[in-house]
Amino acid sequence: MTLHESSLLTRTLAAIAPANHGARAKAKERLDQLAIPHWALGRLMDLALDLAAITGSLHPTVNRKSIVVMAGDHGIVAAGVSKFPQAVTLEMVRNFVIEAASINALARQVGAKVTVVDTGVAGDLSELAACGKIVDKKIAPGTANFAEGPAMTHEQAVRAIEAGIEVAQSLGDQTDIFGTGDMGIGNTSPSSAIIAVICKYSVADVTGRGTGLDDDALAKKIVILEKALKLNQPNPQDGLDVLAKVGGFEIGAIAGLILGAAAQKKPVVIDGIISSAGALLAHSLAPQCKDYMIAGHRSAEQGHKIALDFLDKKPLLDLDLRLGEGTGGAVAMNLVEAAVAILTEVATFEEAAVSQSS
């Protein structure tokens, strides 16, 4: 990995520090004394500890929620890895803009703002960008087909990650908690490739059906990805190399969003398999950013569990979701709010004047 010492990515990596363990200890002390049986609210209390450590406060704020949907297309679709045509990416971005997609409905339910970012859609979105309905960070109209060579150049990989950092910075003043989302036909293929490389699993172990491939199409997808990894030889120790050789622009931007959130000491809820691939890239570049990640859910894609295990993250939900867009993360934000309420609103035995023993 070679970066200019003054680059945005370099500065962001340098700004990421571990979560505040002192605040975690103080939160643990308070939660231990709540007027309930000890740790009776289980993983919601664990999450409250994480939020205290992330924000450095016993009164974390998560009211202002931003879900960022990174969109991009993938050249490997030409190899036959997806059930749907590439044009669907452009159509779905337009659906996000008119607020008629699943992520819009679930974001409204949790009170989150949805920001759509074009990192590399193979279509003209300039009109939507000009009127401020999407954010234009287009690097190219889709990646190259990594079944035939690298998905992108090293410089494009850096630009993709920095695009995500820039979005995190632009939203930072109006955001307490971020959520990752994605849109890109074919993007389970680069995600599976990233997970296979970084987690050191076989392609067959991490590759699922994506948008609904049948057995024959899934077997074909696995063979294509196996050959692509053999051809490109990504370095598992170098997240930028992995991104450049087998990744996607929106996956790199998700990694950047996570890094940007961590640099601001703000929590970021990770969505499904695409987002977890971005999380692996972010972790490769700055292991301490893991402290700021919250695993929203575990999807039906088999590689997602492997990625979460690698990151040592327990998902808050397991609902057999496999849509993406940030939908699982949006639903999980309800639990984040619940964890904050437990930490900040439930009385201790002393405050409630409740006896602890007979």
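Student: Which residue stands opposite G120 in strand 2?
Tutor: That residue is G72. Keep in mind that the model is a predicted one.

Student: What makes strand 1 and strand 2 a pair?
Tutor: Pairing needs at least two bridges. Strand 1 (residues 65–72) and strand 2 have 8 bridges between them, in the parallel sense, so by that rule they pair.

Student: How do you know that strand 2 is joined to strand 3 (residues 135–136)?
Tutor: There are 2 bridges between strand 2 and strand 3, and the two run parallel. The rule asks for at least two, so this counts as a pair. V117 stands opposite V135 in strand 3.

Student: Why is strand 2 (residues 112–120) called mostly covered?
Tutor: Of its 9 residues, 7 are buried.

Student: What makes H283 count as buried?
Tutor: Its relative accessibility is 17%, and buried means under 20%, so H283 is buried. H283 lies in helix 13 (residues 273–285). Leaving aside neighbours within four places in sequence, H283 is in contact with C289, K290, M293, F310 and L311.

Student: Why is helix 13 called mostly covered?
Tutor: The count is 12 buried residues of 13. Among them are I273, G278, L281 and L285.

Student: How do you know that the reach of helix 13 is close to the expected value?
Tutor: From its first C-alpha to its last, helix 13 reaches 19 Å, against 18 Å expected at 1.5 Å a residue.

Student: Which residues have the most contacts inside the largest nonpolar core?
Tutor: They are I258 and L259, in a core of 73 residues. Helix 12 (residues 249–263) gives the most to this core, with 10 residues. Apart from this core lies another, of 45 residues, with V93 and I342 among them.

Student: What does I258 touch, not counting residues up to four places away in sequence?
Tutor: I258 touches several residues, including T180, V268, A279, A282 and C289.

Definitions and conventions. Residues are numbered from 1 along each chain as its sequence is written. This is a predicted model: local features need pLDDT of at least 70, side-chain atom pairs count only at pLDDT 80 or more; totals for chains, interfaces and linings use all residues. Side-chain values use heavy atoms; hydrogens and water are left out. A nonpolar core is a set of buried Ala, Val, Leu, Ile, Met, Phe, Trp, Tyr and Cys residues joined through side-chain atoms within 4.5 Å. Buried means under 20% relative accessible area, exposed over 50%, partly exposed in between (1.4 Å probe, protein chains only). Helices (H or I, at least four residues) and strands (E, at least two) are DSSP runs, numbered from the N terminus. Contact means heavy atoms within 4.5 Å. The expected span of a helix is 1.5 Å times one less than its number of residues.
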